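Work through these exercises with the model open beside you. Try each task before you read its solution.

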Amino acid sequence: MKFKPANNIQDLQYFGEFGGVNPSISDSSTYTFLSAKTMFDTFEGNADGCYLYSRHSSPSNLYLGEALAAMEGTETATVTASGMGAITPVLLQLCGNGDHIVSSRTIYGGTYAFLKNFTPRLGIDTSFVDITKLDVVEASITKNTKVIYCESVSNPLLEVADIKGLSALAKKHNLQLVVDNTFSPLSISPVKLGADVVIHSLTKFINGSSDTVGGVVCGTQELIDQLRNVNDGAAMLLGSTMDSLRAASVLKNLRTLHIRMQQHSHNAQFLAEKFENDNLKTVYPGLTSHPSHELFTSMMNEKYGFGGMMTIDVGSLDKANALMELMQDRNLGYLAVSLGFYKTLFSAPGSSTSSEISEEEQIEMGLSDGLIRFSIGLDADIERTYNTMKTCMKDLGIL
Ligand SMILES: Cc1ncc(COP(=O)(O)O)c(C=O)c1O
């Protein structure tokens with residue numbers, strides 16, 4: 001049977017404390033117990049339905065977590081204060097001193113910096129590889145490897161991971177496959193393709209209003225319990241907890257994700273086809289020229305398209321900067337990092353979100369200076385947007 005993640009979100013039925021159509025918000029950091037014995041049991045983790053302290057869990061956070069678990073088809077999930085607040089505890093929970101990670105080399109700059117500069121201090125080493133080459137991935141696995149890490153669609157180069165292939169490798173070598181699915185919510189369901197853990201930065205498409213940072217780890221009950229364990233759980237002890245008020249607002253935005261993703265994808269597909277036709281170096285997984293177009297097609301759920309992220313290479317950083325400034329002047333969107341907003345956001349990743357990656361490494365992975373990353377907005381009239389963008393490009397001699 002086909003997996004239909006938006007149906008799983010639609011089917012959630014939560015009643016508020018007073019019969020409200022939204023679950024009540026738990027505006028408390030700590031919780032009372034009628035008996036001391038129940039408090040003890042809750043510390044031990046075996047008193048279902050009881051809350052202890054909001055860094056561990058809170059009703060509002062659990063509602064959001066369960067909704068995201070339903071979306072990804074996992075047993076459960078835990079929400080965090082940011083995407084990095086989800087990524088770092090998972091990796092620290094799964095790996096310790098002497099362990100090794102095989103990671104895609106094209107990942108979000110913050111994740112790259114964490115694995116390259118921070119985890120070696122804790123004795124965790126990472127090999128960065130071309131994740132699209134399964135033989136290279138397998139050759140990098142050592143006896144100490146614990147995790148294969150990738151993004152379903154990578155930031156910023158939009159490389160697509162073969163999740164089934166990577167999962168087969170992970171199973172063969174007894175590793176955990178951890179997938180950051182931030183760029184392709186609803187379109188790709190990594191756990192259905194064999195991933196063990198799925199992470200999102202909720203900051204992006206899922207929340208969709210660029211008013212907060214947030215994250216989630218979706219996985220087995222066992223992993224989520226480990227992360228929340230009061231004695232050695234990385235989420236519990238590092239404390240990257242989401243605030244309950246925020247969890248309630250993200251849950252409300254999640255309900256319209258399917259409509260937004262359809263519009264983001266529709267608009268991005270339209271612009272990518274137009275700009276490719278205009279002979280601009282355009283990368284979008286929905287273009288048949290994308291090296292992983294077939295792979296993405298084989299993995300995707302119906303209806304949500306190839307996502308809202310697209311890149312165009314305009315040749316040099318100067319041209320990229322001039323174009324971004326002009327597009328902002330003409331109200332096409334904002335010169336800003338991040339993604340998933342109702343307006344288009346654009347940035348030059350080489351000098352912004354991926355600046356943690358050295359110049360040499362950027363060249364090696366094909367991240368050129370003139371590359372502009374677009375998070376295409378929800379524009380109601382995308383033809384008008386195209387015409388205005390084209391005029392900007394003509395005015396600067398890019399077209
Ligand atoms: C793919 C991806 N993963 C993770 C993150 C980190 O998320 P956050 O900024 O919410 O910590 C980002 C942020 O840009 C991202 O693009």
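**Exercise 1. Is Tyr31 buried or exposed, and what does its ring pair with?**

Step 1. Tyr31 has a relative accessible area of 16%. Buried means under 20% relative accessible area, exposed over 50%, partly exposed in between (1.4 Å probe, protein chains only). Tyr31 is therefore buried.

Step 2. The model is predicted: local features need pLDDT of at least 70, side-chain atom pairs count only at pLDDT 80 or more, and totals for chains, interfaces and linings use all residues. Residues are numbered from 1 along each chain as its sequence is written, and side-chain values use heavy atoms, with hydrogens and water left out.

Step 3. The structure holds ten aromatic pairs. Rings of Phe, Tyr and Trp (its six-membered ring) pair if their centres lie within 6.5 Å; planes under 30 degrees apart count as stacked, over 60 as edge-to-face and the rest as tilted. Tyr31 and Tyr51 have ring centres 5.5 Å apart and planes at 45°, so this pair is tilted.

Step 4. Now place the two rings. Tyr31 sits in the loop between helix H1 (5–10) and helix H2 (36–43), and Tyr51 in the loop between H2 and helix H3 (59–72), so the pair ties together parts that are 20 residues apart in sequence. Helices (H or I, at least four residues) and strands (E, at least two) are DSSP runs, numbered from the N terminus. Tyr51 is partly exposed, at 21% relative accessible area.

**Exercise 2. Classify the pair of Tyr334 and Phe341.**

Step 1. The ring centres of Tyr334 and Phe341 are 6.5 Å apart and the planes stand at 35°, so the pair is tilted.

Step 2. Tyr334 is partly exposed, with 37% relative accessibility. Phe341 is buried, with a relative accessible area of 15%.

Step 3. Look also for a cluster. Ring pairs link Phe270, Phe275 and Tyr386.

**Exercise 3. Where do Asp313 and Lys281 lie, and is each buried or exposed?**

Step 1. The closest N and O atoms of the salt bridge between Asp313 and Lys281 are 3.8 Å apart. Asp313 is in strand E9 (residues 309–313) and Lys281 in strand E8 (residues 281–283), so-called distant parts of the chain, 32 residues apart.

Step 2. Asp313 is buried, with a relative accessible area of 13%. Lys281 is exposed, with 60%.

Step 3. Salt bridges join Arg105, Asp130, Lys133 and Glu364 into one.

**Exercise 4. What is the phi of Leu186, and what is the phi of Ser210?**

Step 1. Leu186 has phi near 70°, a positive value in a residue other than glycine. Leu186 lies in the loop between strand E5 (176–180) and strand E6 (197–201). Its relative accessible area is 2%, so Leu186 is buried.

Step 2. Ser210 has phi near 45°, again positive in a residue other than glycine. Ser210 is in the loop between E6 and strand E7 (215–219). Ser210 is partly exposed, with a relative accessible area of 37%.

**Exercise 5. Which peptide bond to Pro156 is cis, and where does Pro156 lie?**

Step 1. The bond from Asn155 to Pro156 is cis, with omega near 0°.

Step 2. Pro156 lies in the loop between strand E4 (145–151) and H7.

Note on methods:
Salt bridge = Lys/Arg side-chain N within 4 Å of Asp/Glu carboxyl O.
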